[in-house]
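Dear colleague,

I am passing on the structure that we talked about, and below it you will find my notes on what came out of it.

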Amino acid sequence: MSSFNHCIKFELDIKDENIVFKDYFYKSIKLQKHKIYEAELIQPACPFCGSLDLLHNGHLITNIHYPTANASLPVIIRLAKQRVKCRDCDHWSMAQSELVNKYCSISNASKLKALSALTEDRSMTSIARENNVSINTVQRVLGNCSHRFIDSCEYLPAHLAFDEFKGVDRQLHFICLDSDNHQIVQILRTRYKKTLLKSPWKLYLKRFDELEKVHPRYNWHYKDCLTQAQVVTEGINTSTALENSYNLMQSFIQAVETGNTHELKSLINCQDQIGTLMHKTLLTFEHNLTAVLNGAALPYSNGSLEGFNRKIKQIERTAFGYSNFTNLLTRIRLEEDLYKEKEPNSLLMAA
Ligand SMILES: [Zn+2]
């Protein structure tokens, strides 16, 4: 009997000394074949006074879902927890194990497996199916470690990259990364409203020497065959202010790319006749001159964050969207490489 017990414990990787396996059999539950193990959980001593003089009073039987390598044959441990009364202090108690939490029928091993699957780009439905638990259980596992990622802003790194991304209910959320180690500093629920422009505005933002100058394309707006360069030239020729603004912006792009802060400074103080919006922008730059010059001179950029936002989009797409912001936030943090390398155990136990 003892070697049978050891053999099953080795197979299921259960180390608790107080669990003794007695039998196993197959049973069909809801038309699916299940592998059932029968075990007893022994209460060795009174948890209140440590006495060994115990009066046994039956068992509480719990069916525990346990992870299995073969998802088509789910494993259930039918655990009989000993109920005892202490003869010394008269307290009642029930045997407990690390295999499963009190009042719970999902083994901690199953939760751990679900949590480690949550750090990958997978849908909750597929995780639930593989681990033979309900989607609600997977959601609860996600919820249990969310407290780690909400309001955890005790420090600010020296260099921040920040951006927004479309998340729950098509709202825009705020995200910022540490520019040095590319780790998330904070994700906030904040929304922004933004008007999006259409038409050929993108061409005006491009560098002039990158515009197509040889092959003309038919343009519905101009009802003519024009190259990109011609579209822009035609556009800016209509107004001196626009032309000046455009040339100023082109010089500005060049100065930023070459890190020429001297040139930037003189451009910001430019006295040419320009549009009111451009003038407003220059005033803002003048107001934040140190930040603008630092931005041009230092190597930090939002590149790493833009990459991260691409990843967030993928997370949302895999789940077909999230309706709960905290769940989305927790999932983003779990899929961060930081937690993939670490033992997910620490996350679950802190819950
Ligand atoms: Zn006692």
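**The zinc site**

In this predicted model, the zinc ion has as its protein donors the SG atoms of Cys46, Cys49, Cys86 and Cys89, which lie 2.3 Å from it; donors are N, O and S atoms within 2.8 Å of the metal (3.2 Å for Na, K and Ca), and since water is not among the atoms, sites may look incomplete. Along the chain these donors follow the spacing C-x2-C-x36-C-x2-C. Why is the arrangement called tetrahedral? The 4 donor atoms subtend angles of 105 to 115 degrees around the zinc ion, and this makes the arrangement tetrahedral, a term used for four donors if all angles lie between 85 and 135 degrees. For orientation, the ideal angle for four tetrahedral donors at a metal is 109.5 degrees.

**How to read the values**

Residues are numbered from 1 along each chain as its sequence is written, and side-chain values use heavy atoms, with hydrogens and water left out. Because this is a predicted model, local features need pLDDT of at least 70 and side-chain atom pairs count only at pLDDT 80 or more, while totals for chains, interfaces and linings use all residues.

**The chain as a whole**

The secondary structure of the chain comes to 14 helices and 10 strands, where helices (H or I, at least four residues) and strands (E, at least two) are DSSP runs numbered from the N terminus. Of its 351 residues, 39% count as buried. Among contacts between residues at least 6 apart in sequence, 55% join residues at least 24 apart, a contact meaning heavy atoms within 4.5 Å.

Helix α7 (residues 240-258) and helix α9 (residues 276-287) pack at an angle of about 35 degrees, and their axes are 11 Å apart; axes are lines fitted to C-alpha atoms, for helices over the stretch in contact, and angles run from 0 to 180 degrees between N-to-C directions. In this pair, Ser245, Leu248, Met249 and Phe252 of α7 meet Met278, Leu282 and Phe285 of α9. The residues of this contact divide into 6 nonpolar, 1 polar and no charged, with Ala, Val, Leu, Ile, Met, Phe, Trp, Tyr, Cys and Pro counted as nonpolar, Asp, Glu, Lys and Arg as charged, and the others, Gly among them, as polar.

**Residues around Tyr246**

Which residues does Val232 touch, not counting those up to four places away in sequence? With that exclusion, Val232 touches Leu203, Tyr204, Leu211 and Tyr246. Val232 is found in helix α6 (residues 228-236) and counts as buried, at 0% relative accessibility. The C-alpha atoms of Val232 and Tyr246 are separated by 9.4 Å, although the two are 14 residues apart along the chain.

Tyr246 is also touched by Phe208, whose other contacts, again not counting residues up to four places away in sequence, are Lys213, Ala229, Thr233 and Gln250. Phe208 lies in the loop between α5 (201-205) and β9 (217-219), and it is partly exposed, with a relative accessible area of 31%.

Trp92 is found in strand β5 (residues 92-94) and is partly exposed, with a relative accessible area of 46%. Leaving out residues up to four places away in sequence, Trp92 touches Phe48, Asn57, Val84 and Lys85.

**Two positive phi values**

Asp13 has a phi near 60 degrees, a positive value in a residue other than glycine; Asp13 is found in the loop between α1 (2-12) and β1 (19-29) and counts as exposed, at 52% relative accessibility. For Tyr103, too, phi is near 60 degrees, and Tyr103 lies in the loop between β5 and α2 (108-118), where it is exposed with a relative accessible area of 79%.

Note on methods:
Four donors count as tetrahedral if all angles lie between 85 and 135 degrees; four count as square planar and six as octahedral if opposite donors are over 155 degrees apart and all others between 65 and 115; anything else is irregular. Buried means under 20% relative accessible area, exposed over 50%, partly exposed in between (1.4 Å probe, protein chains only).
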